[in-house]
Structures are given as structure tokens and as C-alpha cells.
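Visitor: I'm new to this one and would like to look around it with you. Could we take it piece by piece?

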Amino acid sequence: MRVLGIDPGLNITGYGVVDRTGRRLSIVEAGVIRPGRADHPLEERLDVLATGLESVIAQFHPEAMSLEQVFSHSKFPMAALWMAHARGVVCLTAARAGIPVHSYAPTMVKLSLVGQGRATKQQVQHMVAVRFGLPKPPEPPDVADALALAITHLEATAHPALAVVD
């Protein structure tokens with residue numbers, strides 16, 4: 001099974017294409033799409049995101065997409081709104097390509113990888129590196145988050161009784 005994990009954002013969207021063969025997981029490709037700086041018009045940034053994602057999908061043909069649920073933090077109330085814009089484009093692009101989207105809460109991803117839902121970003125990055133036998137965690141953190149989302153979905157499909165999705 002091939003899954004495309006997406007960490008959506010308007011400045012940087014991380015992606016990770018991961019294959020599962022039996023019990024083995026392997027990275028096919030990972031990187032970022034950079035929709036543009038905050039001073040660029042929103043519609044242009046969303047177009048860049050859609051075009052970049054379409055390219056990744058066309059090149060790697062994922063069977064499913066794993067995406068982070070929208071969350072909000074009291075310190076950054078606008079972050080959820082901006083993330084929702086990016087997430088909407090990601091969902092629309094997946095739908096147009098016929099790819100099912102599976103959403104996971106950040107706490108579920110952390111629980112899946114680290115064993116506790118309040119893990120730090122550094123702990124998630126470290127566990128992604130460990131899972132794939134990488135010499136160091138993927139950079140930027142958006143790539144590690146996207147790979148973590150792909151791992152979470154692959155584990156949820158391998159063990160459906162353990163899955164908690166929306």
C-alpha cells in the first residue's frame with residue numbers, strides 16, 4: 001500500500017510518500033511544497049499548493065492520503081483558519097484524483113509514533129528517523145510530520161481495531 005502523508009500549511013506543506021510491503025515501511029519520496037510568502041495573495045498560494053500536490057500525486061500514484069485534522073491553539077487563533085484553507089485545497093485535490101482522505105488528530109499521530117499524545121515535535125521527528133533507519137530526523141519538521149501521518153495511517157489500516165479517526 002502507498003500512502004501520501006500531508007502536513008498542510010500555506011507557507012510550507014510537507015509531504016511524504018510511504019510504501020508498506022508486508023510489515024516493512026519505506027520512504028518513496030518526501031519534501032515540501034512552498035505556496036509562497038504571507039505577502040502573496042491567498043488565491044495564488046492556494047493555486048501553487050494545488051499544482052504542487054497534483055504533481056506529487058501524478059508522479060507517485062498514492063492509494064490513500066493521510067492528513068492532519070484542523071486544530072486550534074488559544075495563542076494562535078488564526079492558525080486554524082489558515083490551515084483550513086490549505087487543508088481544503090488538499091482535500092479537493094485528492095478528491096479530484098480519486099484518492100480517499102483519512103484525517104488524524106495530532107495527538108493520535110503522536111500516540112501512534114511515540115506512545116503518548118503529548119509528545120514534542122522533536123520526539124516525533126526522532127521516531128520518524130528511527131522507524132525509517134535515517135541517520136538524522138527529516139528536515140524541515142513539516143516533512144517529518146507528513147511522514148508521521150503516513151505511518152499512522154498505515155498502522156491504522158494494518159490494525160483497524162486500534163484506529164481512531166474522524
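Visitor: Which residue forms a salt bridge with Lys121?

Guide: In this predicted model, Lys121 forms that salt bridge with Asp145, and the closest N and O atoms of the two are 2.6 Å apart. The pair links distant parts of the chain, since Lys121 sits in helix 4 while Asp145 sits in helix 5, 24 residues apart.

Visitor: And Asp145, is that buried or exposed?

Guide: Asp145 counts as buried, because its relative accessibility is 12% and the cut-off for buried is under 20%.

Visitor: How many salt bridges does a search of the whole structure find?

Guide: The search finds 4 salt bridges. One of them joins the side chains of Arg2 and Asp19, with 2.6 Å from N to O. This pair also links distant parts of the chain, with Arg2 in strand 1 (residues 2-7) and Asp19 in strand 2 (residues 13-21), 17 residues apart.

Visitor: Why does Asp19 count as buried?

Guide: Asp19 counts as buried because its relative accessibility is 17%, and buried means under 20%. Arg2, at 22%, counts as partly exposed.

Visitor: What about Arg37, which residue does its side chain meet in a salt bridge?

Guide: The side chain of Arg37 meets that of Asp39, at 3.0 Å from N to O. Arg37 is exposed, with a relative accessible area of 54%, and Asp39 counts as exposed too, at 56% relative accessibility.

Visitor: Changing topic, which residues have the most contacts inside the largest nonpolar core?

Guide: Those are Val18, Val128 and Phe132, in a core that has 21 residues. The elements that give two or more residues to this core are helix 3 (106-114), helix 4 (121-132) and helix 5 (141-158). The largest share, 8 residues, comes from helix 5.

Visitor: Now the outside: which residues form a nonpolar patch on the surface?

Guide: Met78, Leu81 and Trp82 form such a patch, and together they have about 290 Å² of accessible area. Met78 lies in helix 2, and it counts as partly exposed, at 44% relative accessibility.

Visitor: Where is Ala97?

Guide: Ala97 has its place in helix 2, which covers residues 77-97. Ala97 is partly exposed, with a relative accessible area of 40%. From Ala97 to Ala86 there are 11 residues in sequence and 17 Å in space, taken C-alpha to C-alpha.

Note on methods:
Residues numbered from 1 in each chain as written. Predicted model: local features only at pLDDT ≥ 70, side-chain atom pairs only at ≥ 80, totals over all residues. Heavy atoms only, no water. Helix = DSSP H or I, 4+ residues; strand = E, 2+ residues; numbered from the N terminus. Buried < 20%, exposed > 50% of the residue type's maximum accessible area, 1.4 Å probe, protein only. Patch = residues over 30% accessible without salt bridge, like charges linked within 9 Å, V, L, I, M, F, W, Y side chains within 5 Å. Areas by Shrake-Rupley, 256 points an atom, 1.4 Å probe, with all protein chains shown as cover. Core = buried A, V, L, I, M, F, W, Y, C linked by side-chain atoms within 4.5 Å.
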